[in-house]
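Colleague: Please take a close look at one part of this model and walk me through it. Give the cut-offs for each term as you go.

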Amino acid sequence: MGRIAVIIPAFNAAPYIGRCIESVLAQRADVGELEVVVVDDGSTDETAALAASYEGVTVVSRPNGGLSAARNTGVAATDAPWLTFVDADDLLLPGALQTLRAGSMTAPVVSGAITRREVGAELPVAMFRMLDAEEAICEALYQRTSLNSSACGKLVARRIVEKVPFREGIAYEDLDWFYRAFEEARFVAVTDTPVYFYSCTPGSLTNLFSPRRLDVLDVTRRIEEWASRRTPALLRAARERRLSASLDMLTRLLGSDLYRDDPTLAPRLAEAYANVRRLRAATIFSPRTRLKSRLGALYSYLGLPAMRLAARLTRRSS
């Protein structure tokens, strides 16, 4: 199938970049030709030097531009026909690339499961489902299975990433990218076998609320607009994902001091609440909706004061 390039964007990742690289290099025994590209995204610590200390690792340094820019830089730095992305604080599980490569015989995008539990032993023989692009996009948008919107835990043919680069300068870049990449691929091979360990690093975007996270409102708006030009099934899935994102941001805004201190956030709060009010009825009655989204949609009928109270009580107890 040809060489696999593992692209690792890294910004001030000195405390954990070594562990990440070692988990990648351990895959060589299984897949043979393997290229490792670490993109130092303007780090001010020892990230680049530590990465360069590993034999066979290519380090590309660039001014800080964010995760999407670093990934795009990594893609440009290799001509490998197959690509996979690993965040610098995460790990590939033993046998991960061998598992993903098995699926690449039938589809240009292969998706494995992401876990927060490290698996020390070799992975079991993977069973694959073959989904067309619409099925795969819908399944990922509904967020009920191991098929997710992350760029990590996937093996992607180079031609797909060349046609669909990562949009730079935004948060939720994976959610913005995956559905366009799946559509370009036409088919996705999916396994529930875990191949990727996600490390919940303190201080990461997913663990802190900041106004940057509101980018998800723009990303899910684009997904709904895109789906409205495709099929009813895609549009239903896109609207459920937009409802989920809007509920999440609404709850975080109502429960944060930022909402109180920054008046520029009021329009985004109003936008999120308008999305919830528009989309909640269809979400409640959809058989594919997650319980979390259904309960949130139901609770929203009590109005903003009740949602604000619940958000702040939740914040105090966490």
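Modeller: Leu-291 is exposed, at a relative accessible area of 58%; exposed means over 50%, buried under 20% and partly exposed in between, with a 1.4 Å probe and protein chains only. This is a predicted model, in which local features need pLDDT of at least 70 and side-chain atom pairs pLDDT 80 or more, while totals for chains, interfaces and linings use all residues. Residues are numbered from 1 along each chain as its sequence is written, and side-chain values use heavy atoms, leaving out hydrogens and water.

Leu-291 belongs to helix H13 (residues 291-300); helices (H or I, at least four residues) and strands (E, at least two) are DSSP runs numbered from the N terminus. With Leu-295 and Leu-298, Leu-291 makes a nonpolar surface patch of about 300 Å². Patch residues have over 30% relative accessible area and no salt bridge, and nonpolar side chains (Val, Leu, Ile, Met, Phe, Trp, Tyr) are joined within 5 Å, like charges within 9 Å. A salt bridge is a Lys or Arg side-chain nitrogen within 4 Å of an Asp or Glu carboxyl oxygen. The areas come from the Shrake-Rupley method with a 1.4 Å probe, and for residues only the protein chains shown count as cover.

Elsewhere, Arg-280 lies over the face of Tyr-301, 3.8 Å from the ring centre. Arg-71 lies over the face of Phe-85, at 5.6 Å from the ring centre. Such a charge has NZ of Lys or CZ of Arg within 6 Å of the ring centre and within 35 degrees of the ring normal. Phe-85 is buried, as is Phe-166.
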